[in-house]
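Please look over this protein model.

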Amino acid sequence: MVLDEQDLRNGMKFIVGKWQVDYVVNAFSNDLAHIPAAEFKSEDGNDFSSVTFEFFEDHTVIMREASSGKEERGTWEQTGWSDYHYTLNGFLNVPEGPFRENAEKLSVIEGALVFSVGFLAIGMKKIEEGTITEEPDIGDIVPTAEEAARMDIVGNYAPVKTMAFVGDGIGLYTRAEVEAECARKLAAGETDEDEVRSQLRAFDVKVEITEDHLIKQWMKLPEGVTEEMVKEAIEAGEIKDYRDGFFCSGENEWKFVKGAFYYNTGEHRETFGEEQSSWDELKFDEDGLLDFGSGMMKLGKV
């Protein structure tokens, strides 16, 4: 399984901190009941509630057994969306081999971290959050003078491909491909002229990347809209500007930092209730086209 940067970040935020054994499940029991850790006694009279694991952001882990004062150190890694693996220098009388290998696998089950020791499944609950160093958001990074001078992205762009339905699927297509599909649907009575105009409107866009670190998006003025109406809209603050039959529908900031170009989409984004950056990277594909609009179009320089 390939985990992306966000998967790994979410996984780290979940596991980093202190965990305590909460319950034990005997695989040979009839009902697989969760036995509270404090009630499951070993032969020496100790119980599993004395065992804690503390995971750190540098991928180290400390396992402690409070009743004996024993402490073992090791490392951990995320192996799946809800799976982890850790390795300790020693593991409380657990022998090497498959027995230990299973004990060193952690799975997230109903919010608990669960590992197995023989026929026992042991669930841990988080009792203390850990410390994770937050990376600064792209929007908070101030470019250096050298970075601010990078202007190679400046210019005028137009859509070469936009997201559209063609055939049985949706993807990025050229205007010629979308026009051909619209013609086919018109001939088959599957669409009408209004829908065709709506489909092709995505190509009637201009994107201007300026030296003053703005990205201006220009849209073709709809039919029936007069220049007087445009003037009133500008005065009312509804649109930014008007030029040569196109009106400026919005402006976005761009910058060059950390070796790449980025722009502020202005979008509010959340993942599992956590706010995400509104900044996207501006990068060119192998054909020299600029990915834009959260993957909704590819731009070519004109």
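## Largest pocket

The largest pocket has a volume of about 940 Å³. A pocket here is an open set of points on a 1 Å grid over the protein atoms alone, where a 1.4 Å probe fits and protein lies on both sides within 12 Å along at least five of seven lines. Points are joined across faces, edges and corners, and the volume is the space filled by probe spheres set on them. This is a predicted model: local features need pLDDT of at least 70, side-chain atom pairs count only at pLDDT 80 or more, and totals for chains, interfaces and linings use all residues. Residues are numbered from 1 along each chain as its sequence is written, and side-chain values use heavy atoms, with hydrogens and water left out.

The lining comprises 26 residues (each with an atom within 4 Å of a point), and Glu-5, Gln-6, Glu-135, Gln-276 and Ser-277 lie nearest the pocket centre. H1 gives the most to this lining, with 6 residues. Strands E5 (70-80), E18 (274-276) and E19 (279-282) each supply at least two. Helices (H or I, at least four residues) and strands (E, at least two) are DSSP runs, numbered from the N terminus.

## Nonpolar cores

The largest nonpolar core holds 23 residues, and Ile-15, Phe-53, Phe-55, Trp-76 and Leu-106 touch the most other members. Helix H1 (5-15) and strands E1, E3 (51-55), E4 (60-65), E6 (83-88), E8 and E9 each supply at least two of its residues. Apart from it lies another core, of 15 residues, including Val-207, Ile-215, Phe-261 and Met-297. A core is a set of buried Ala, Val, Leu, Ile, Met, Phe, Trp, Tyr and Cys residues joined through side-chain atoms within 4.5 Å. Buried means under 20% relative accessible area, exposed over 50%, and partly exposed in between (1.4 Å probe, protein chains only).

Leu-106 is in contact (heavy atoms within 4.5 Å) with residues including Ile-15, Phe-55, Tyr-84, Phe-115 and Met-124, leaving aside residues up to four places away in sequence.

## Aromatic rings

Rings of Phe, Tyr and Trp (its six-membered ring) pair if their centres lie within 6.5 Å; planes under 30 degrees apart count as stacked, over 60 as edge-to-face and the rest as tilted. The count comes to 10 aromatic pairs. Phe-28 and Phe-119 are stacked, because their ring centres are 5.3 Å apart and their planes lie at 25°. The two are 91 residues apart: Phe-28 is in the loop between E1 (17-26) and E2 (35-36), Phe-119 in the loop between E8 (112-117) and E9 (120-129). Phe-28 is exposed, at 67% relative accessibility. Phe-119 is partly exposed, at 41%.

Phe-256 and Phe-261 pair edge-to-face, 4.8 Å centre to centre with 65° between the planes. Both are buried. The charged end of Arg-150 sits over the ring of Phe-256, 4.2 Å from its centre. That label needs NZ of Lys or CZ of Arg within 6 Å of the ring centre and within 35 degrees of the ring normal.

## Two single residues

Thr-210 is in the loop between strands E12 (205-209) and E13 (214-220). Thr-210 is buried, at 10% relative accessible area. Beyond its neighbours within four places in sequence, Thr-210 is in contact with Val-154, Lys-216 and Trp-254.

Phe-165 lies in strand E10 (residues 155-166). At 51% relative accessibility, Phe-165 counts as exposed. Not counting residues up to four places away in sequence, Phe-165 touches Ile-170, Glu-181 and Lys-185.
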